[in-house]
Amino acid sequence: MRKPRLIVFARAPVIGGAKTRLAAGIGKVMAWRAYRAMTAKTLRAVRDDARWRTVLAVSPDSAITRAFGKVWPDDLARWPQGGGDLGARQARVFAGAGGWLSSPVHGGGGLKGRRGEVLSRVSPPRPLRGHSPRERGEKRGSALPIAIIGTDAPDITRRDVARGFALLKRHDAVIGPASDGGYWLLALKAPPPLGLFDGIRWSSVHTRRDLEARLRAHGLTRIAYLRELADVDEA
């Protein structure tokens, strides 16, 4: 049986490596401690569930083999996020996690990354640590439902994830809205269309609205929503 994939985006829990806006207010050490606690709490809440496979998508890629104690469990499969802005990285991981990558999906032009540079054709991320993201007995086949979350919404629960996958059966996409105008979950059940994430104003009050507009522009009009959660970034 092929299980849905829950992909957790996480930055290496090192001082100065994450929560830079939060650090501006409380200091780098306190921000580092807060980020470690949120990451560990998120993974404890969602990973041990037989209904889906959990994979950690890490940044920077060089951190993929590093040990971070209980924050990044050693038995959890890891994938590199790769380069580019959040849209390029999400598109890459969606493609690799679902086994969706093929020439028609992203084409030969690649994805536009930070400052407009063109990335080479997206390659599916390869697990470099932990167990394979494909369970024993699984075979390649049709696309898998994929949900991506971050570690900035520590109130997420296993029930939230389960409801997201349940809603995805009747919708094109599922969004978990964040109180700051962004989103804490995005789930898709089909390959992300070329250019889906282009033009989104990341890390702003416009992020979710931009995403909704891009989904509808690509014909993904059946959008379901989960409960709103607080995104811990600057507060």
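Visitor: Is Arg47 buried or exposed, and what makes it so?

Guide: The model is predicted, so local features require pLDDT of at least 70 and side-chain atom pairs count only at pLDDT 80 or more, while totals for chains, interfaces and linings use all residues. Residues are numbered from 1 along each chain as its sequence is written, and side-chain values use heavy atoms, with hydrogens and water left out. Buried means under 20% relative accessible area, exposed means over 50%, and partly exposed lies in between (1.4 Å probe, protein chains only). Arg47 has a relative accessibility of 18% and therefore counts as buried.

Visitor: Why is the pairing of Arg47 with Asp48 called a salt bridge?

Guide: The term requires a side-chain nitrogen of Lys or Arg within 4 Å of a carboxyl oxygen of Asp or Glu. The closest N and O atoms of Arg47 and Asp48 are 3.4 Å apart, so the pair qualifies. Asp48, at 57% relative accessible area, is exposed. Arg47, Asp48 and Asp75 are linked in a network of salt bridges, and the structure holds 10 salt bridges.

Visitor: What makes the approach of Asp172 to Thr221 a polar contact?

Guide: Such a contact is a pair of N or O atoms within 3.5 Å; within protein, one must be able to donate a hydrogen and the other to accept it, and residues adjacent in sequence count only if both atoms are side-chain atoms. The backbone nitrogen of Thr221 lies 3.3 Å from a polar atom of the Asp172 side chain, so the distance meets the limit.

Visitor: Why is the aromatic pair of Trp52 and Phe165 called tilted?

Guide: Rings of Phe, Tyr and Trp (its six-membered ring) pair if their centres lie within 6.5 Å; planes under 30 degrees apart count as stacked, over 60 as edge-to-face and the rest as tilted. Trp52 and Phe165 stand 5.9 Å centre to centre with 45 degrees between the planes, so the pair is tilted.
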